[in-house]
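This report describes selected side-chain contacts and aromatic pairs. Please consult the sequence and structure shown below while reading.

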Amino acid sequence: MGKVVMNTPAIRMRFRRHSHRGISDICGDGRIDVINTGRVGALDGPLNRSESVGWVVEGSKNTRWRVEFFWPLTVPYWIIDLDEDYQYAVVGQPSRKYLWILS
């Protein structure tokens with residue numbers, strides 16, 4: 001289907017430090033392969049990489065995803081806003097603990 005690439009410079013979260021890049025590859029079978037990379041400790045620190053798989057929640061009209069980082073842990077992601085030209089997306093979680101602005 002296609003790839004979505006997002007870059008988020010200089011963010012600071014408990015599990016991610018500094019620059020971050022994520023690639024979501026939306027496959028034809030409905031699977032979403034998610035690859036996240038980020039620098040640890042500093043902008044020139046060691047590279048950290050994680051891979052996970054996601055899918056669109058049935059009946060959500062593509063607005064709700066589940067992402068599995070490791071079995072059996074899955075995390076909900078909600079597409080809160082999406083630019084009509086796909087220039088940005090706002091993604092959050094039902095807990096409202098995390099929010100991402102992707103561009």
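## A charge over a ring

A charge is taken to sit over a ring if NZ of Lys or CZ of Arg is within 6 Å of the ring centre and within 35 degrees of the ring normal. In this predicted model, R64 lies over the face of W78, at 3.8 Å from the ring centre.

S60 itself is found in the loop between β4 (47-56) and β5 (64-70). With a relative accessible area of 10%, S60 is buried, since buried means under 20%.

## Aromatic pairs

Two aromatic pairs are present in the structure. In one of them, the ring centres of Y77 and W100 are 5.3 Å apart and the planes stand at 40 degrees, so this pair is tilted. Y77 belongs to strand β6 (residues 73-82) and W100 to strand β8 (residues 99-102), so the pair ties together parts that are 23 residues apart in sequence.

W100 also pairs with Y98: the ring centres are 5.8 Å apart and the planes lie at 20 degrees, so the pair is stacked. Planes under 30 degrees apart count as stacked.

## The aromatic cluster

Y77, Y98 and W100 form one aromatic cluster. Y77 is buried. Y98 has a relative accessible area of 19% and is therefore buried, and W100, at 18% relative accessibility, likewise counts as buried.

Technical notes:
Residues are numbered from 1 along each chain as its sequence is written. This is a predicted model: local features need pLDDT of at least 70, side-chain atom pairs count only at pLDDT 80 or more; totals for chains, interfaces and linings use all residues. Side-chain values use heavy atoms; hydrogens and water are left out. Helices (H or I, at least four residues) and strands (E, at least two) are DSSP runs, numbered from the N terminus. Buried means under 20% relative accessible area, exposed over 50%, partly exposed in between (1.4 Å probe, protein chains only). Rings of Phe, Tyr and Trp (its six-membered ring) pair if their centres lie within 6.5 Å; planes under 30 degrees apart count as stacked, over 60 as edge-to-face and the rest as tilted.
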